[in-house]
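I opened the model in the viewer today. My notes follow.

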Amino acid sequence: MNEDLLQTLKEQIAAGDQLAFRKLFDLYAKKLTLFSASIIRSADEAREIVDEVFVKIWRKRAELPSVQNLRVYLYTATKNTSLNYLSAKARESATEPFDFFDIQLTDGDSPEKKMITSELARKIASAIDALPPRCKMVFKLVREDGLSYKEVARVLNISPKTVDAQMVIAVKQISEKLRLSFDFFPTRVSRKN
């Protein structure tokens with residue numbers, strides 16, 4: 001995402017520009033919802049959390065120009081709101097565990113393309129879903145949402161080296177799982193004369 005565009009949007013939103021606010025929402029709402037859902041395990045509640053984050057941003061729009069990195073701010077606010085939601089649910093003793101992780105790997109435009117890639121997409125999604133929770137979150141933020149290792153470190157309050165280590169684990173585990181799932185991945189190349 002272009003930092004100049006984000007800076008312009010911050011200034012326009014601070015001035016009360018509703019179209020700029022809508023553009024920011026359109027750019028980030030889906031990614032933030034997936035991020036929140038990976039924390040709280042509920043897509044419906046995640047949408048409400050993201051809506052709440054954006055309502056707070058609009059209410060405090062005058063303070064927006066002082067935000068250094070808007071993208072990190074959005075993810076951090078979503079993480080904190082999601083964690084607050086989990087705390088409130090735990091206090092109410094009404095938590096419902098959901099085994100849900102929504103991820104879109106492909107949006108093929110032809111039936112043939114969808115048919116060819118559907119099995120691979122399912123296997124990749126399964127491999128990602130099998131990752132340990134922190135590893136999965138780091139992988140999602142880096143690979144799907146395009147955050148840098150430094151940004152992920154700030155959002156999750158961990159070191160960039162931890163982000164790197166988690167990415168190494170994620171890629172290794174996904175690769176191993178895919179290799180086991182498909183017979184045609186050679187483990188070594190043999191030469192026949």
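I looked up Lys140 and found 1% relative accessibility, so Lys140 counts as buried (buried is under 20% relative accessible area, exposed over 50%, partly exposed in between, with a 1.4 Å probe and protein chains only). This is a predicted model, where local features need pLDDT of at least 70 and side-chain atom pairs count only at pLDDT 80 or more, while totals for chains, interfaces and linings use all residues. Residues are numbered from 1 along each chain as its sequence is written, and side-chain values use heavy atoms, with hydrogens and water left out.

Next I checked the partner. Lys140 and Glu144 meet through their side chains in a salt bridge, 3.8 Å from N to O (a side-chain nitrogen of Lys or Arg within 4 Å of a carboxyl oxygen of Asp or Glu). Glu144 is partly exposed, at 25% relative accessible area. Both residues lie in helix α6, 4 residues apart, about one turn of the helix. I noted that helices are DSSP runs of H or I with at least four residues, numbered from the N terminus. Asp145 joins Lys140 and Glu144 in a network of salt bridges.

Then I searched the whole structure and got 7 salt bridges. One I looked up joins Glu151 and Arg71, at 2.5 Å from N to O. Glu151 is in helix α7 and Arg71 in helix α4, so this pair ties together parts 80 residues apart in sequence. Glu151 counts as buried at 7% relative accessibility, and Arg71 counts as buried at 12%.

Last, I looked at Asp26, which forms a salt bridge with Arg22, the closest N and O atoms being 3.5 Å apart.

Technical notes: Helices (H or I, at least four residues) and strands (E, at least two) are DSSP runs, numbered from the N terminus.
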